[in-house]
Amino acid sequence: METETLLLNMGPVHPSTHGVLRFKLRMDGEIIRDCQVVVGYLHRGTEKLGEMKTYLQFVPYTDRLDYIAAMPNNYSYVKAVEELAGIEVPLRAEYIRVLVMELNRIVNHLVFMGSLLLDLGASTMIMYGFREREKALQLYESLCGARMTFNYIRPGGVREDLPDGFIPKLREFIKDMEKRIPDYEDLINGNEIFLMRMKNIGVINAEEAINSGMTGPSLRGSGVDYDIRKVEPYSIYPDLDFKACMRSECDSLARYLVRVDEMRESLHILEQIADTMPEGKFINQRYGMAPTTGAPTAVMSFFPRIFTPRAGEVYSRIEAPKGELGFYVASDGTTKPYRVKIRSPSFCNLVALPKMVAGLKIPDLIAAFGTIDVVLGDVDR
Amino acid sequence: MNPAEELKNALPNSVLSVGIQTNKPLAVIKKEDMLKVAAKVRDMGFDNLSVITGVDCVDRIEVIYNFFSYKKKQNLALKVVLDRSSPEIDSVVSIWKVADWLERETYDLVGIKFNGHPDLMRILLPEGWIGYPLRKDYDMKTEQFVTIGEDGEDIVSTDGSNLLRGQ
């Protein structure tokens with residue numbers, strides 16, 4: 001039977017798009033023939049702002065990119081600046097950085113699980129996810145006073161040292177999470193409806209995924225054993241024992257399962273850090289002045305607020321919870337960056353979506369889109 | 001031998017110079033030979049195009065491509081220098097699909113035209129936006145107002161007249 005195709009607008013305001021994102025769908029009955037993704041509703045000109053702020057002033061703006069997991073954003077930018085300016089970082093600071101980033105990975109994946117299941121119509125998981133996330137956010141609050149936009153990692157180290165009793169609280173969190181993850185698996189993994197919605201939906205093979213610029217857990221769900229923490233190790237990752245989680249089914253279920261496994265690996269990393277956290281300085285003090293008498297040293301940052309890296313350019317990337325997060329920073333030898341370019345994982349992962357959902361139905365689009373795990377602040381910058 | 005030197009040996013006429021982009025090998029290439037070099041870069045095993053960056057250097061415009069090879073675990077950066085009055089370069093969408101959005105973004109914010117791109121239009125800013133924000137001479141004083149019209153198209157104005165529709 002010949003049918004007409006219908007143009008259907010989904011979004012920009014739609015509960016399952018996790019923000020403001022629009023799909024232009026060409027529908028043949030219930031089947032998606034063509035999907036066009038329209039982005040940009042949350043564009044704030046972050047890259048332009050980068051050119052107008054000093055190196056240190058730009059750090060809080062990076063928090064607003066991927067606001068679910070802001071620590072890796074801080075770190076990725078700071079790492080680029082450090083490579084450009086040749087700044088050394090004390091070992092304790094590196095340990096603290098990896099600690100907060102891996103904790104953020106768990107937070108990110110909890111929100112991912114919660115929102116994915118909510119999109120599929122199961123509202124239990126988001127309650128559990130947010131309950132556990134709250135404990136992690138309280139850890140962050142005790143660390144830097146903020147729950148989501150931290151502004152904590154900065155050139156030379158971190159802003160403040162760990163507060164008293166942080167490590168014991170972290171151990172409690174790890175112990176708690178180790179019990180919770182099997183609970184989630186009991187709740188979700190065997191659920192027949194969940195499996196029917198996820199299995200063989202949104203399939204993309206390894207070659208297409210690489211060509212479309214997919215990175216992170218989404219790529220590892222397509223059977224590519226690639227994790228920047230392993231391939232181009234940075235910070236203290238070479239000293240840590242963990243594995244890059246991978247699945248070869250290439251479908252939505254594989255992308256979901258990779259993230260559940262990653263939470264376990266992150267917990268394992270946190271355990272190692274809790275056991276081996278070295279003593280020492282939390283920020284590089286070589287360039288700075290001595291602490292003023294009487295000032296509380298714990299909240300003093302010794303690294304100069306204004307510094308000038310040599311002229312040059314750098315592209316530096318890390319494995320953020322959503323994929324490859326890179327910063328291109330060019331310096332012209334002044335106190336402000338000449339150009340800041342953000343390579344965000346959410347933006348590049350969306351390129352593959354139309355390919356993944358062609359020939360499926362709208363509920364499958366929601367399931368496949370949920371497993372890519374994008375944050376619109378990161379897409380639109 | 002690093003990948004940039006390898007590229008220079010293979011295509012001596014297309015590669016102008018080789019250098020370093022902080023830890024990553026960098027090759028500066030001729031803009032006319034972009035597609036030829038891109039095909040060679042793909043054949044060398046660089047299957048992942050990480051990012052395309054456009055930089056306005058006031059007297060010229062630079063485009064920087066960062067590649068990574070999943071097979072060889074190597075990095076490579078390419079740089080092309082363009083004329084600022086009419087920055088144009090061949091699109092590489094036919095080789096790396098991710099270039100579709102990356103090139104649209106560079107066109108949108110820096111104003112570089114990618115010849116042969118299947119659908120070169122603005123991606124982050126609305127169609128009809130005046131100027132390219134990441135150019136150094138972008139006019140930041142003039143406000144621009146955007147509304148979405150009845151037919152779904154973006155309407156941009158500098159005096160806010162489009163905000164008064166229906167009156």
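Visitor: Hi! What joins β8(A) to β9(A)?
Guide: A hairpin does that, and it passes through two residues. Keep in mind that this is a predicted model.

Visitor: Got it. How do those two strands run, and how many bridges join them?
Guide: β8(A) and β9(A) run antiparallel, and nine bridges join them. To pick out one spot along the pair, look for Ile318(A), which stands opposite Leu325(A) in β9(A).

Visitor: And what about β9(A) and β10(A), how many residues lie between them?
Guide: Five residues lie between β9(A) and β10(A), and these strands form a hairpin too. In the turn you will find Gly333(A), with a positive phi of about 85 degrees.

Visitor: How many bridges join β9(A) to β10(A)?
Guide: Six bridges, and again the strands run antiparallel.

Visitor: How many residues of β9(A) are buried?
Guide: Nine of its nine residues are buried, so β9(A) is largely enclosed by the rest of the structure.

Visitor: Let's talk about the two chains. How many residues of chain A are in contact with chain B?
Guide: There are 31 residues of chain A in contact with 24 residues of chain B.

Visitor: Which element gives the largest share on the chain A side?
Guide: That is β8(A), the strand we began with, which supplies five residues of the side that touches chain B. Several elements of chain A each supply at least two residues there, among them α1 (46–52), α3 (71–85), β9 (323–331) and β10 (337–343).

Visitor: What kinds of residues make up that side of chain A?
Guide: The side of chain A that touches chain B divides into 13 nonpolar, eight polar and ten charged residues.

Visitor: Switching to helices: at what angle do α4 and α5 of chain A pack?
Guide: Helix α4 (residues 91–119) and helix α5 (residues 124–144) of chain A pack at about 160 degrees, and their axes are 8 Å apart. That angle makes α4(A) roughly antiparallel to α5(A). The way α4(A) passes α5(A) is a left-handed crossing.

Visitor: Which residues meet there?
Guide: From α4(A), the residues include Leu103(A), Ile106(A), Val107(A) and Leu110(A). From α5(A), they include Met125(A), Ile126(A), Phe130(A) and Arg133(A). By class, the contact of α4(A) with α5(A) has 13 nonpolar, three polar and two charged residues.

Visitor: And α14(A), how does that one cross α4(A)?
Guide: The axes of α4(A) and helix α14 (residues 362–372) of chain A come within 9 Å and cross at roughly 175 degrees. The two helices are therefore roughly antiparallel to each other. Here Ser115(A), Leu116(A) and Asp119(A) in α4(A) meet Ile366(A), Gly370(A) and Thr371(A) in α14(A). That contact is made up of two nonpolar, three polar and one charged residues.

Visitor: Back to strands. What is the order in the three-strand sheet of chain A?
Guide: The order is β1-β4-β5, in an open sheet with antiparallel pairing. β1 (5–10) and β5 (31–38) of chain A stand at the edges with a single partner strand each, so one side of each has no neighbour in the sheet. The twist averages 20 degrees from one strand to the next.

Visitor: How many bridges do β4(A) and β5(A) pair over?
Guide: Strand β4 (residues 22–28) of chain A pairs with β5(A) over seven bridges, in the antiparallel sense. One example is Lys24(A), whose bridge partner in β5(A) is Gln36(A).

Visitor: Now chain B. How many helices and strands does it have?
Guide: Chain B has three helices and nine strands. Its C-alpha atoms fill a box of roughly 70 × 30 × 25 Å along the principal axes. Of its 167 residues, 38% count as buried.

Visitor: How do its strands line up in the five-strand sheet?
Guide: They form an open sheet in the order β1-β2-β5-β4-β3 of chain B, and the pairing is mixed. The edges are β1 (15–21) and β3 (48–56) of chain B, each with a single partner strand, so each has one side without a neighbour in the sheet.

Visitor: Last one: in what sense do β1(B) and β2(B) pair?
Guide: β1(B) and strand β2 (residues 24–29) of chain B pair in the antiparallel sense, over six bridges.

Key: Residues are numbered from 1 along each chain as its sequence is written. Chains are lettered from A and ligands numbered from 1 in the order in which they are written. This is a predicted model: local features need pLDDT of at least 70, side-chain atom pairs count only at pLDDT 80 or more; totals for chains, interfaces and linings use all residues. Two residues are in contact if their C-beta atoms, placed from the backbone, lie within 7 Å. Helices (H or I, at least four residues) and strands (E, at least two) are DSSP runs, numbered from the N terminus. Ala, Val, Leu, Ile, Met, Phe, Trp, Tyr, Cys and Pro count as nonpolar, Asp, Glu, Lys and Arg as charged, and the others, Gly among them, as polar. A residue is buried if 20 or more other C-beta atoms lie within 10 Å of its own, exposed if 12 or fewer, and partly exposed in between; C-beta atoms are placed from the backbone. Axes are lines fitted to C-alpha atoms, for helices over the stretch in contact, and angles run from 0 to 180 degrees between N-to-C directions. Angles under 35 degrees count as roughly parallel, over 145 as roughly antiparallel, 65 to 115 as roughly perpendicular and the rest as oblique. A crossing is left-handed if the near helix is turned anticlockwise from the far one by less than a right angle, and right-handed if clockwise. Two strands pair if DSSP finds at least two bridges between them.
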